[in-house]
Amino acid sequence: MGDLMDIVVPVREGAANAQLRYALRSWAAHLPHRRVWLAGYLPGWAREVGHIPTRQTGTKYQNTTKAVRAACEHPGVTDTFLLCNDDFFVMTPQPERFPVYHRGPVRDVEAYYATRGAGKYLRGLRETRDLLVSLGHEDPLSYELHVPLPVSKSGMLKTLQVGRRLDVLHKRTAYGVLNQLGGERMTDVKILHRAPRGYTTASPLLSTMPDSFTNGAVGKHIRAVFPRACRYEGRVR
């Protein structure tokens, strides 16, 4: 157990967050780790987790950056940890050293998001790409996948320093490129819709939107796989 990584997950304020409950159940069952840290908000029902409180006074992008920085600066967190979101579900057993995955070239991801309309996310993608190109990474890879990412504290702190002037820094991509992670290419596992498509019951990794989790077939599937509370859940205080 001493060599296992911690899991760090930024958590927004005030949410009941049913997705987080089931994410924790999936990690307890299938993702080898030492400890879970919630950075930001601590739900009243959470137990046996570490908590790194942060003030959430900015945009969601700024708040998650603050949470990740706080985790990297916390002495109790393992030097390398798994960066997760509260809607990452690990559906099948994973190895002790979780693999690194990427999404392919940023240019391909940019083309996909450009068809969905401009917004802060797309602007941040382009600005992050331009920053990486200016630093000599001519065709950078995207690491903006909804799956756990192994992160070194020192490497991420350096990344956040490099990208400090961007208000929508794509942290995962900047970290992956600047630290030359490489990895295996995969299609993103985020399910945006209610229909039973885009995944199978054998899919090892899944992610959802609030609506697809609450009202969609994928949410029903996830809840069926993890019907029982795990050690990270208790009664609401």
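**Pockets and a phenylalanine**

Guide: The residues lining the second largest pocket are Gln62, Thr65, Lys66, Arg69, Leu160, Gly163, Arg164, Leu166, Asp167, Val168 and Leu169. This is a predicted model, where local features need pLDDT of at least 70 and side-chain atom pairs pLDDT 80 or more, while totals for chains, interfaces and linings use all residues. Residues are numbered from 1 along each chain as its sequence is written, and side-chain values use heavy atoms, without hydrogens and water.

Visitor: Which helix gives the most to the lining of the second largest pocket?
Guide: Helices here are DSSP runs of H or I with at least four residues, and strands are E runs of at least two, numbered from the N terminus. With four residues, the top contributor to this lining is α2.

Visitor: Which element supplies the largest share of the lining of the largest pocket?
Guide: Elements that each supply at least two residues include β1 (6–11), β2 (36–40) and α2 (60–73). The largest share, six residues, comes from α2.

Visitor: Is phenylalanine 98 buried or exposed?
Guide: Phenylalanine 98 sits in the loop between β5 (88–90) and β6 (101–102). Buried means under 20% relative accessible area, exposed over 50%, and partly exposed in between, with a 1.4 Å probe and protein chains only. Because its relative accessibility is 5%, phenylalanine 98 counts as buried.

Visitor: How far apart in space are phenylalanine 98 and methionine 5?
Guide: Met5 is among the contacts of phenylalanine 98 beyond four places in sequence, contact meaning heavy atoms within 4.5 Å. The two are 93 residues apart in sequence, and their C-alpha to C-alpha distance is 9.4 Å.

Note on methods
On a 1 Å grid over the protein atoms alone, a cavity is a set of points where a 1.4 Å probe fits but cannot get out, and a pocket is an open set with protein on both sides within 12 Å along at least five of seven lines; lining residues have an atom within 4 Å of a point.
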